Amino acid sequence: MDNKNPTTDRTPLAYDKHGVARTPWAVSSSLLKDYYDTEWGLPITDEAGLFERLSLEAFQAGLSWAVVLKKRPAFREAFCHFDPEKIADFGEPEVERLLADTTIIRNETKIRATVNNAKATIELRKSGGLANFIWSFQPAENIYPEVMEDIPKKSPESQAMSRELKKAGFKFVGPVTCFALMEAIGMVDTHLLGSHRRASSGVWPEETKKLQAARVQQAN
């Protein structure tokens, strides 16, 4: 028998001292707070930006995003600012260099997957490119989480994206990684309802209009 109380296993919005509401993970450090307030959930539609995000999501697997975010400047330096063409030319000397670089996450499988995925990204240009490919999996409907437990780890769209990325030759692109990518680029809005960043992406215009109207009413 499950003795858990469903009313206590809920993680709601977190409020700072000014009463600003955020998704709970965003208040655990100033680094995450700034990232949440300025980057997370905003659309990324360029190839290099999406390739960087996909690569970093792969490096996050089994780790916290805070660890990856702290090392992001070093990752950008080590991986030529995630230029697919430059990374696609990496050979054994570059892989050995990366494995010796203490400023990044030195996981050989993930490093080699990033080089592989750079080549796959270039190959995708023949059929419309990475951006068109990724955004083709935008769901027809948004989600509306009130607590963290309302947010799924994966979705039918992320499972489809994972499957098709693997067919295109990509590695380390499981459905959970793909869903995290979808969240990070605003393809799905998993800001909790009531967060000051809810509907900030502009990807779901009807919700944006409703929230803007509600905020105007509150201000008056």
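At roughly what angle do the axes of α2 and α9 cross? In this predicted model, local features need pLDDT of at least 70, side-chain atom pairs count only at pLDDT 80 or more, and totals for chains, interfaces and linings use all residues. Residues are numbered from 1 along each chain as its sequence is written, and side-chain values use heavy atoms, with hydrogens and water left out.

The axes of α2 and α9 cross at roughly 130 degrees and come within 10 Å. Axes are lines fitted to C-alpha atoms, for helices over the stretch in contact, and angles run from 0 to 180 degrees between N-to-C directions. Helices (H or I, at least four residues) and strands (E, at least two) are DSSP runs, numbered from the N terminus. The two helices α2 and α9 are therefore oblique to each other. Angles under 35 degrees count as roughly parallel, over 145 as roughly antiparallel, 65 to 115 as roughly perpendicular and the rest as oblique. The crossing of α2 and α9 is right-handed. A crossing is right-handed if the near helix is turned clockwise from the far one by less than a right angle, and left-handed if anticlockwise. On the α2 side, the contact is made by Arg 53, Leu 54, Glu 57 and Ala 58. Thr 177, Ala 180, Leu 181 and Ala 184 make it on the α9 side. Contact means heavy atoms within 4.5 Å. By class, five of these residues are nonpolar, one is polar and two are charged. Here Ala, Val, Leu, Ile, Met, Phe, Trp, Tyr, Cys and Pro count as nonpolar, Asp, Glu, Lys and Arg as charged, and the others, Gly among them, as polar.

Helix α2 (residues 47–60) also meets helix α6 (residues 108–124). Their axes come within 10 Å and cross at roughly 155 degrees. That makes α2 roughly antiparallel to α6. This crossing of α2 and α6 is right-handed. From α2, the residues in contact are Glu 47, Phe 51, Ser 55, Ala 58, Phe 59 and Gln 60. From α6, they are Lys 110, Ile 111, Thr 114, Asn 117, Ala 118 and Thr 121. The contact of α2 with α6 divides into five nonpolar, five polar and two charged residues.

Lys 110 lies in helix α6 and counts as buried, at 6% relative accessibility. Buried means under 20% relative accessible area, exposed over 50%, and partly exposed in between (1.4 Å probe, protein chains only). Beyond residues up to four places away in sequence, Lys 110 touches Ala 58, Phe 59, Gln 60, Ala 61 and Phe 172. Its C-alpha atom is separated by 9.6 Å from that of Leu 56, 54 residues apart along the chain. Ile 122 is also found in helix α6. At 27% relative accessibility, Ile 122 counts as partly exposed. Leaving aside neighbours within four places in sequence, Ile 122 is in contact with Pro 84, Glu 85 and Ala 88.

Helix α1 (residues 30–38) holds the buried residues Leu 32, Tyr 35, Tyr 36 and Asp 37. Their cover includes β2 (21–22), α2, α3 (65–78) and α9.

UniProt lists His 191 under "binding site" in an unreviewed entry. Such annotations may be inferred rather than shown by experiment. His 191 sits in the loop between α9 (175–184) and α10 (205–219). With a relative accessible area of 2%, His 191 is buried. Not counting residues up to four places away in sequence, His 191 touches Thr 23, Tyr 36, Trp 40, Gly 41, Pro 145, Arg 197, Arg 198 and Ser 200.
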